[in-house]
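Here is a short tour of one structure, written for someone who likes to look at the model while reading. Keep the viewer open and follow along from strand to strand.

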Amino acid sequence: MIVFTLIIPVYNLEKYIVDCLKSLTNQKYTKEKYEIIIINDKSNDQSLEKVKKFKNKLNNLLIINNKKKSGIGQSRNKGIKAAKGRYLLFIDGDDILYKNSLNIIEKLIRNKDYDFIGYNFNRILPKNKIAKLCRKDFKFIKQNKKTRIKNFLKGEIDGSVIFTVFNKKFIEKNKIFFYSNIHEDIFYIFRTYFFSAKFILINKAL
């Protein structure tokens with residue numbers, strides 16, 4: 001059974017995509033239990049060629065090529081529809097997932113049915129310096145839905161989707177998909193927080 005689907009929209013990321021894919025393929029996790037879906041959004045650099053080199057080595061990597069440039073939101077939607085995993089991770093092509101990340105998450109979700117799992121992150125600064133545990137909004141993501149939404153509308157909760165793991169059944173049940181506009185993450189994560197009832201937060205950088 002596939003537990004995780006890692007969804008990555010790619011547009012002209014030749015500088016970063018190799019490091020991103022290395023971090024995903026080097027997971028200390030059974031390859032048969034996760035899949036990687038790349039949505040190539042009409043890249044005109046060497047991104048696709050670099051991704052194809054990984055495809056030749058991996059059975060768990062799927063490449064979807066957009067016929068026309070669609071943007072991050074619609075590309076992610078294609079990834080959702082193609083996903084076979086129980087949980088979804090939206091990863092940007094310049095992100096790196098630490099080796100034990102999928103193991104850490106699976107231990108937490110085993111025999112559970114969370115709507116989402118939030119986690120922390122480190123930021124790579126110039127000269128390869130690292131700012132640790134940059135996510136500061138956990139205290140605002142309350143179990144009380146009214147308070148959670150109020151805090152979100154006040155701008156106290158991060159509006160990005162790349163620090164969250166989503167339950168695919170929960171996403172499909174509530175018809176949570178991305179819109180084709182700028183900051184497409186914000187409405188997606190808002191609807192996640194609005195409909196969610198059961199979740200867990202990991203104050204660990206993954």
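This is a predicted model: local features need pLDDT of at least 70, side-chain atom pairs count only at pLDDT 80 or more; totals for chains, interfaces and linings use all residues.

## Around strand β4

In β4, Y87 is the bridge partner of F4.

The pairing of β1 with β4 is parallel and runs over four bridges. On to another partner: β4 and β8 run antiparallel and are joined by three bridges, and F166 in β8 is the bridge partner of L88. As a rule, strands of a sheet pair through backbone hydrogen bonds, in either the parallel or the antiparallel sense.

Which way do the side chains of β4 point? Y87 and L89 point one way, L88 and F90 point the other way, and all of them are buried.

| Strand pair | Sense | Bridges |
|---|---|---|
| β1 and β4 | parallel | four bridges |
| β4 and β8 | antiparallel | three bridges |
| β5 (116-120) and β8 (164-167) | antiparallel | three bridges |

## The whole sheet and its helices

Stepping back, the open sheet has seven strands in the order β3-β2-β1-β4-β8-β5-β9, with mixed pairing. Strands β3 (61-65) and β9 (199-205) stand at the edges with a single partner strand each, so one side of each has no neighbour in the sheet. From one strand to the next, the twist averages 20°.

Helix α2 (residues 47-55) packs on the sheet and touches β1 (4-10), β2 and β3, with its direction at about 150° to that of β3. Helix α4 (residues 101-109) lies across β1, β2, β4, β5, β8 and β9, and runs at about 135° to β1.

## Two residues to look up

R191 sits in helix α7 (residues 184-195). Apart from neighbours within four places in sequence, R191 is in contact with N174, K175 and I176.

T30 is in the loop between α1 (17-25) and β2 (34-40). Its relative accessibility is 41%, so T30 counts as partly exposed. T30 and L108 are 78 residues apart along the chain, and their C-alpha atoms are separated by 17 Å.

Technical notes
Residues are numbered from 1 along each chain as its sequence is written. Side-chain values use heavy atoms; hydrogens and water are left out. Helices (H or I, at least four residues) and strands (E, at least two) are DSSP runs, numbered from the N terminus. Contact means heavy atoms within 4.5 Å. Buried means under 20% relative accessible area, exposed over 50%, partly exposed in between (1.4 Å probe, protein chains only). Two strands pair if DSSP finds at least two bridges between them. Axes are lines fitted to C-alpha atoms, for helices over the stretch in contact, and angles run from 0 to 180 degrees between N-to-C directions.
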